[in-house]
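Welcome! Please take a moment to look over the sequence and the 3D view, and then read on for a short tour.

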Amino acid sequence: QVHVVESGGGLVQNGGSLRLSCAASGRTFSLYIMGWFRQAPGKERDFVAAISRSGRSTSYADSVKGRFAISRDNAKNTVYLQMNSLKPEDTAVYYCAADDHWAGWTVPIAQHEYDYWGQGTQVAVSS
């Protein structure tokens, strides 16, 4: 059983920063590709960022490029999402997900490729 737990959400002002953390347990953490997704009120869940098993490859949604950074510490079994220059439209529940089977050259951005999901953490950006 793989357990994924997010933390670090909260309320921040427009232009502020937050860092989300996600811990995954159950198997060797370095075997997982890790991704972040978000779901705004009344909208579908969308891809935000993903990082390869080694951390050398990343992918970002266009809406967050240059503002968000995904990283991982395999020794701590944790992946991070540093969010800078936050905007009200970044308000959403942020979900962390783990993929333990992907064999492609790039990291997956489709939700259905991810096998294990956390419960989500709320991020609210005030205008």
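Arg 38 and Asp 90 are both buried, where buried means under 20% relative accessible area with a 1.4 Å probe, counting protein chains only, while exposed means over 50% and partly exposed lies in between. This is a predicted model, in which local features need pLDDT of at least 70, side-chain atom pairs count only at pLDDT 80 or more, and totals for chains, interfaces and linings use all residues. Residues are numbered from 1 along each chain as its sequence is written, and side-chain values use heavy atoms, leaving out hydrogens and water.

**Salt bridges**

- The whole structure holds four salt bridges, each being a side-chain nitrogen of Lys or Arg within 4 Å of a carboxyl oxygen of Asp or Glu.
- One of them joins Arg 38 to Asp 90, with the closest N and O atoms 2.9 Å apart.
- This pair links distant parts of the chain, 52 residues apart: Arg 38 sits in strand E4 (residues 33-39), and Asp 90 in the loop between strands E8 (78-83) and E9 (92-99).
- Asp 90 also meets Arg 67 in a salt bridge (2.7 Å, N to O).
- Arg 67 lies in the loop between E6 (58-60) and E7 (68-73), so its pairing with Asp 90 ties together parts 23 residues apart in sequence.
- Shared partners join Arg 38, Arg 67 and Asp 90 into one network.

- Asp 62 is exposed at 65%, and its salt-bridge partner is Lys 65.

**The whole chain**

- The chain has zero helices and 11 strands; these are DSSP runs numbered from the N terminus, with helices (H or I) needing at least four residues and strands (E) at least two.
- Of its 127 residues, 43% count as buried.
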